[in-house]
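Let's take a friendly walk through this model, one residue at a time. Have the sequence and the 3D view open as you read.

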Amino acid sequence: MRLLLRWFYGLGQLAIAIALGAGALALTLAALAPSLADIWGAKTTTSADVDLSILEQTTKVYDAKGELIAELKAEIDREYLPLSQMSPAIIETVLAVEDAKFYEHKGINVAAITRAAVTNVSAGGIEQGGSTITQQLVKLGVVGDEQVLERKLPEAAIAMRLEEQMTKDEILERYLNAVYFGGGAYGVQAAAELYFNKDASALDYGESALLAGIISNPSLYDPVYRPTNALNRRDTALGRLVVEGFISDEEREIYAQAALPRYRQFASDVFLDTYFVEEVKQRLLDDPRLGETRADRINTLFQGGLEVHTTFDPVAQALAENAVINEFNLDNNIGIIAGLVSVEPGTGAVRAMVGGPGFDQFKFNVTTQKGRPTGSSFKPFALAAAFETAGLVPDDRINASSPCTFDNPGGFPNPYEAGDYNGSRRSGSLTIEDHTLRSTNCGYIRLSNYVGMNNVVEIAKRLGIESEIDAVLTLPLGVYDVTPLEMANAYATFANDGIRVEPHLITRVSRGDEVLFIHDPRPFRAIQPQTARLVTDVLEKNINCRAGACTGRRAQLTNHPAAGKTGTGQSNYDAWFVGYTAQLATAVWVGGQEGQISMRYDRNSPDFTRQDYLDAFGDYADAGVTGGSIPSEIWGRFMNDYMAGLPVVEFIEPDRGRRGQRLAVEENEVPDIVTTSPCGGRNAEVDQDGDGDVDWCRDLGGVAYNSASGCPSLLIARDTDGDGRLDRCVSRARPDGSVDPNTTTTTGDPDAPTTSEGDGGSTTTVDGATTVAPSTTGSTVAPSTTAGPTTTAATTTQAPTTTAATTTTTVATTTTAAP
C-alpha cells in the first residue's frame, strides 16, 4: 500500500510539473502518458549512486605519414574539493543563479518548470530548461545533455529519487565538482585555477558571478573569447545576488568594475607545446561535426578516443625551425619574433608551421590568429588583376615618376602623397615587370587605379585572402592585416596554375572503424592559367636577378626555380617574404611580438639602445629590416634545405603574347578608386561606331563577380565553376551577332580542369563550365585535378605527386585530395 501511495504521489508531481506549463504541453503529456508508470518505476529502482566519472579515452594525433605526434587527453585539474573548502561566495552565487530554491524543493521545481514551459510554448520549442541543480547533476551523470521533453521526464524522476538518497549538501558538492566552466575546466577548483590562478576557497563574489554566469552556456559566455557577453552575464549574476540578499547594491557596483580575465592559465601538461598541434586542436574545437556546443566538442576531443590524421611533415618542421633559429636572433631584447608557414600547392596541405618563439613562451600563433600589414608582398595580387581583368602584359609601360600625389576623395589624407622606399626619386616610365622587381609604390598605385581597385580586391579574395580588405588607394601597398597562412595559400594558387585549394591541417578524423569526416579539398579555378604563369614568370625574376635589379635575391635557391616577393611595412614594423616552388609555398613574417616595433634603429628612441638593435639584427640594424633581408634569408635557408633531393620541377612558361605598349596613366587620370569601365577593363572596350561610347567588350576572360555591385554594364554574370554560385562576369554576344576573334570555345572533361589551345586564345573548363582566358599560343596544358583521397607527403627524400603536363620535361603541379 505504501509503495502504491508513493507511485501516485510521484506521478502527480510529474503530471503537475508538465500540465501547469500550458495547454500545448498537455497534449505532449497525453502522448507520453502510457510510459509514466515505467518512468516512476525507474524512480523507485534507480540507484542513487549516479556515476559522475567521464569515460576518458585518449585522442591520438598523427602526422602525414601516420606517425604519432601527440596525444590529447582529459588530464585536467579535476581535484575534488569538499563543500567546506569552497568559498561561501561561489556556493551562494551558483545557488542564486542556477537554483535559488535548492534547499526547499524535492528535486524538481514546479514553478521553474512552469515558467520555462510558458517561454517554450511562446518560442515554439525548448528554450528554457527549468532544471534544478539536482536535475542538472543527473543530466551530467546519467541522462545526457539534449534539451528535449522526453529527457526531462526521466531526469525529473531520477532527481526525485536522488533527493531521497543523498543530502542537499552532498548533491551540491557533487554538482560543484562536476559542472563545466569552459576551457576544459570541470568543477569550481579547476575553473578558479583556469581563469583566476587561485583556489576556489579564495573566490570573491565578483569572480564567482563570472563563473556562475558561464555555466548555462560556456561557449557563449566565455570571458576570453566573448568578453562582452561574459560581462553582461556577470552583471545578471550580480543582480541575482542582490535579489537573494547576499550582497548590497553598493557591493554590486564595486564587483561590476573588476576586469575580466584576458588569458587562461593552462597547465603545461594539458596543452601540448607545438603551434601545429594547438592549431589542430582549436580547429577541431570549432568544428560542429564534433558536437553542437563547445562543451560537447571538448568532451569528444579530449575523451572520445579520436584518431586525427594531419598534414604535418616533421622533416619540414625541423628544417623550418632550424632556418628561423640560424637566420634570426630569437633571444633579442626588442621583442621581435618570426613566423613561418608552408602550404603544398595542389593539395592545400600545411606542412610546417612556426607560429612564434615557442608555444611554451608565447601561446599565440602569428601565422593564423592575427594578420599583419603585408607591405609590397601584396603587389602580386594587383599584378594578377592587371593580367586577368585588364589584359595587360609584363612589358606594358607605366609612369614611374616618384614621389607622386593622388586625389583621394573620401579618404585621408586628401590628396595622398606617396613615394618609393627610402625616398627614391624616379622619372620616366618602367615596364610592369620592372615596377614589380623594383617594388615601386607610385607605379603600383597607378597600375591598380588603371585596373580598378575593386578588381584587385576580387582577385586577392579569389586567390585566398579572407581577411577584410577594401578598394582604397593604398591597397596595393599592403596596408591591411593578412595572416601568413592566407599569403602562403594565395601564392600557392599561383604555383598551382591558378587553381585554388583551401589550406588544411586535418585530413581525416575517425573513431575506431567509424570515419567522422574526411577533408574535402574542393579545388576551383581562381585565375586563368596564363595569368598565373605570367605572375610566376615575373616573380621568378624577382629572385633570380643580378645585384640591385630586384628585391628578392637573398632568397635564391641553389638548384630549383623559385618565385617570390618581398614586403616591408611602414616604419619597418613588419617584414615579409612570400614565395614558392612548384612543390611548396612558404610565407615568412618578422615583426613585433606585442604590437608594432620599428626594426630600424632610431637614436631618438627611449626604449632600446643601438646595441639592442645590433644584437637583434646585426648588419641590418641601421638600415632597417626589410623583406629582402632577414625574411628572405630565412625563406632561402628553409626552402634550400627542404628542396634538397627533390626533383627539379620547372614552372610552365607563359605565352609571350603581344608586345608591350605605353599606358597613358597619370596620378589623377582615374577620379575614382574603382574602375568605371563597362567591360571591367579598358583593353576589352570596343567603340565599333566611333561615337566615343563603348559598344561591346572583347572576351579577355572577364572579371571576378562582385555580389554587392554585380557586373559591369556590358558583362553578364555566369557560374563558371559549377558550384551553383555566380563567380565571373563575361562578355555578352556582340550586337551584330558575329564572333569575337579573341573567343574560343571547347568542350572538356567535366571532372577535371583542362586548357585547350587554339590560334586565338585559351579556354578553361572547370566542373563543366567554360571560361575564356586571354589569347595564348603554345602546347602546354594546365594541370589536371583529381579528387580521390590520396596522401602526398613532401619530405627530403620524396617529392610531392606531380603529373607531366606535356611530353617535354616541364611538369605541372597535380591537384589531389589529401586523406
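Start at leucine 68, which is in contact with Lys60, Val61 and Tyr62 once its neighbours within four places in sequence are left aside; contact means heavy atoms within 4.5 Å. This is a predicted model, in which local features need pLDDT of at least 70 and side-chain atom pairs count only at pLDDT 80 or more, while totals for chains, interfaces and linings use all residues. Residues are numbered from 1 along each chain as its sequence is written, and side-chain values use heavy atoms, with hydrogens and water left out.

Leucine 68 belongs to strand β2 (residues 68–72); strands (E, at least two residues) and helices (H or I, at least four) are DSSP runs, numbered from the N terminus. The C-alpha atom of leucine 68 is 9.6 Å from that of valine 308, although the two are 240 residues apart along the chain. Why does leucine 68 count as partly exposed? Because its relative accessibility is 43%, and partly exposed lies between buried (under 20% relative accessible area) and exposed (over 50%), with a 1.4 Å probe and protein chains only.

Next, find arginine 462 in helix α19 (residues 453–463). Arginine 462 counts as buried because its relative accessibility is 12%. Beyond residues up to four places away in sequence, arginine 462 touches Arg500, Phe524, Arg525, Ala526, Ala704, Asp727 and Arg728.

Finally, turn to glutamate 250, found in helix α12 (residues 249–256). Is this residue buried or exposed? Glutamate 250 is exposed, because its relative accessible area is 56%.
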